[in-house]
Amino acid sequence: MYRLLLILLSVGTLISCASTSTKPIPAISPLELQRGNEQLRLAESYYNDNQPEKALALYQQLAKQGHPRAQGELGLIYDLGALGVKEDNALALFWYKEAAKQNDPQSFVNLASFYREGEFVDKNLDTAVSYYQQAINQQFAMASCELGFLYLDEAEYQDLDKAKHHFQMGADAELVDCYLGLAYLYHFEIKDMPQAFKWYKLAADNDSATAQYDLALMYFNGTGVDKNPKLGHEYLAIAVEQDYPLAVGYLAQIYDFGWGVAENKLAAVELYHKAAELGDADSQVNLGLLYEEGELVPEDINTALQLYTLAADQGHPIALNNIAAIYLRGDKVERDLKIALPLFYQAAAMGNPNALTNLGTMSRLGNGVEQDEKQGFLYYKQAADLGFTPAYFQLGQSYHLGVGTEKNDELALPYLLESTEYDESAAFYIGIIYSKSPSVTPDFDKAISYFEKAYELGRQDAASYLGWIYETKSPAHHDIKKAVYWYQQGLSNSYSCLRLARLYLQGKGVPQNIDKGLALYHEYAKIKKFDIDELLGNLYFFGEVVEQDYQKALFHYEKAVANNQSQAANNLGEMYRLGHGVTQDIHHAISLYEASTEWGGVVSMANLGEIYLNAEGVAVDRDLGMSWLTKAAERGQNDAQYLLGQALIADQQQALGTRWIKKSAEAGNKKAIQYLTEHQ
């Protein structure tokens, strides 16, 4: 609660203690004060000799007799819960006030700390300032340091001129805390690094471990002074010898990451343990991570959680996030969202970008929270605005794919560009943007470069896009041999299999090899989980890549129809309807079309509509024909939409028919587009 105390006490053996009277205490005479001072020295010797019972009894006796310093020390005993008594703020406050009545300056300072911190009493900075000022009036220089920190640290009372004035008063009295206060003032507020260095050094050379640590960092970083790693290590070593937690933790990181020295992981682990025991939250987190991952120490999730919890109790946001992540994943402990979510929100409220990014992903996917892509985007944006590079990729991806926000490749590009060193998908998306985006000027050289980078980082489907660019997309880069090369690198991707299969079947860029081409078709079907016979039937039926062969198409379509494949049934129906490779049989065609519709086919609905409307081998059945066309049109089949529109217009339903033709035209149907052009 307070910065310095006149006597440093440690908790001794627990003993029983009678309650202390809170009746008014009479003032003490000068002679009694002198005798009491001698008794205080005796109490201190009892404390040093590990006789807490005798020390406590003497402090209580002298305090009841009205000795101001004894009253102040007894207040401190209750404040700390030292010498075996329980911490008791009420008694601490009582004895501080009794001592203050006799102008005990240390008690003024301790009372000020009560009111500054709002501990047990309502926070009141005016009262705190008043108590500090009373101590200063007693020529108690340490109060100047404390008041300086109040004017430096308290936002609503911040006054840098007053802070500087009070720190300087304490510095003139050669108080190390005031040296440190001036260092902080010049470092963090005035931004005068040479002056900050001057005061840090003065404090460090007067045995302040805090200043020694800060001075070491200035030497390491060249802040306010020329870089001097040798002096940095010297001051850091002095602070480490004093068991200053931050210094021990920083030295652990030096060995862990090899900052200016050879890496020494074993030394780092030992130092992390020491710093964690001393209460350094960063070291507790770093050591916890080692135990969580089983790196350099045995994997132990319970020890990791214990260390994270120690840091979280100090308000460390990374520790809060890490505990939350463990309970969210539930792979090493039982998944528990009641633990995870509040910790994520607490860390996010502290501005922790890890937690914000995690909440973004949870919201986007609906993992542990209600799915909300817009909220997920906002979390990513907050994290990215904090400069958290992993969130750059998430934000760039959101803009590129239009997830949680409007699709915007121009906004996506800078975030993705910042992410390419560690995320293969960032490079992949950049390749897509430069080769396919409607809003960014195409740049196939850049697209090729980023697709190659994505491939190097492990994104296998980038090879397919490279093959696509070299084969068909960019005339300026057309190179069939390069296309073949990249398709071969990307055979885990269905597109590469399909395109390379066609090249082998046609003999383009490679020697024609029907068997190899067909084998690749089989791989394509396996990856896409398509029926291979339906695919091969289409291959021979349309004859676009191989010579058209209705007999082979018939063979494969019949096998596919036996497996309930709707497209095969429709196309085989077309063969029987038109007599391609088989004897024309409209009734068999109708049965195949009907089977196709049962298995999800839509084109077959349009074909049935045409047959019944046009009386192809059957009697005209306009109602049935219109019914089939309507079903197909409502499912988005643009040929059916056009035919339905024509039929409705023929039935004098001009407005409705035109609406269907417009829908067909919007879907790109050429006949519908031509009709509208001619009739407008």
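Guide: This is a predicted model. Begin at Thr-420. Apart from neighbours within four places in sequence, Thr-420 is in contact with Ala-426, Ala-427, Ile-430, Tyr-450, Lys-453 and Leu-457.

Visitor: Where does Thr-420 lie?
Guide: In the loop between helix 22 (409–417) and helix 23 (424–436).

Visitor: Is Thr-420 buried or exposed?
Guide: Buried. Its relative accessibility is 6%, and the cut-off for buried is under 20%.

Visitor: And Tyr-450, how many residues along the chain is that from Thr-420?
Guide: They are 30 residues apart along the chain. Their C-alpha atoms are separated by 8.6 Å.

Visitor: You mentioned helix 22. How does helix 21 cross it?
Guide: The axes of helix 21 (residues 389–401) and helix 22 come within 8 Å and cross at roughly 160°. That makes the two helices roughly antiparallel, since angles over 145 degrees count that way. The crossing is left-handed.

Visitor: Which residues meet there?
Guide: Helix 21 brings Tyr-392, Phe-393, Leu-395, Gly-396, Gln-397, Tyr-399 and His-400. Helix 22 brings Asp-409, Leu-411, Ala-412, Tyr-415 and Leu-416. By class, the contact of helix 21 with helix 22 has 8 nonpolar, 3 polar and 1 charged residues.

Visitor: New pair. What about helix 9 and helix 10, at what angle do they cross?
Guide: Roughly 160°, with the axes of helix 9 (residues 176–190) and helix 10 (residues 193–204) coming within 8 Å. Helix 9 and helix 10 are therefore roughly antiparallel to each other. Helix 9 passes helix 10 in a left-handed crossing.

Visitor: Which residues make the contact?
Guide: On helix 9, they are Val-176, Tyr-179, Leu-180, Leu-182, Ala-183, Tyr-184, Tyr-186, His-187 and Phe-188. On helix 10, they are Met-193, Gln-195, Ala-196, Trp-199, Tyr-200, Leu-202 and Ala-203.

Visitor: What sits in the loop between helix 8 and helix 9?
Guide: Glu-174 lies in that loop, between helix 8 (160–172) and helix 9. Glu-174 counts as exposed, at 60% relative accessibility. Glu-174 also has a positive phi of about 60°, although it is not a glycine.

Visitor: Let's go to helix 3. Is it buried or exposed?
Guide: 12 of its 13 residues are buried, so helix 3 is largely enclosed by the rest of the structure. The buried residues include Arg-69, Glu-73 and Asp-79.

Visitor: What do the buried residues of helix 3 pack against?
Guide: Four partners are listed here: helix 1 (30–48), helix 2 (52–64), helix 4 (89–101) and helix 5 (105–117).

Visitor: What span should helix 3 have?
Guide: At 1.5 Å a residue, the 13 residues (68–80) should span 18 Å. The end C-alpha atoms are 18 Å apart, which agrees. Just after helix 3, Gly-81 takes a positive phi of about 70°.

Visitor: Now helix 30 and helix 31. How do they cross?
Guide: Their axes come within 9 Å and cross at roughly 135°. Helix 30 and helix 31 are therefore oblique to each other. This crossing is left-handed.

Visitor: Which residues are in that contact?
Guide: Among them are Tyr-550, Leu-554 and Tyr-557 of helix 30, and Leu-572, Met-575 and Tyr-576 of helix 31. The contact residues divide into 11 nonpolar, 1 polar and 1 charged.

Visitor: And what lies in the loop between helix 30 and helix 31?
Guide: Asn-564 lies there. Asn-564 is partly exposed, with a relative accessible area of 45%.

Visitor: How many Å apart in space are Asn-564 and Asp-280?
Guide: 67 Å, C-alpha to C-alpha. In sequence they are 284 residues apart.

Visitor: Last one. Where is Glu-156?
Guide: In the loop between helix 7 (141–153) and helix 8. Glu-156 is exposed, with a relative accessible area of 57%. Glu-156 and Asn-538 are 78 Å apart in space, C-alpha to C-alpha.

Methods: Residues are numbered from 1 along each chain as its sequence is written. This is a predicted model: local features need pLDDT of at least 70, side-chain atom pairs count only at pLDDT 80 or more; totals for chains, interfaces and linings use all residues. Side-chain values use heavy atoms; hydrogens and water are left out. Axes are lines fitted to C-alpha atoms, for helices over the stretch in contact, and angles run from 0 to 180 degrees between N-to-C directions. Angles under 35 degrees count as roughly parallel, over 145 as roughly antiparallel, 65 to 115 as roughly perpendicular and the rest as oblique. A crossing is left-handed if the near helix is turned anticlockwise from the far one by less than a right angle, and right-handed if clockwise. Contact means heavy atoms within 4.5 Å. Ala, Val, Leu, Ile, Met, Phe, Trp, Tyr, Cys and Pro count as nonpolar, Asp, Glu, Lys and Arg as charged, and the others, Gly among them, as polar. The expected span of a helix is 1.5 Å times one less than its number of residues. Buried means under 20% relative accessible area, exposed over 50%, partly exposed in between (1.4 Å probe, protein chains only).
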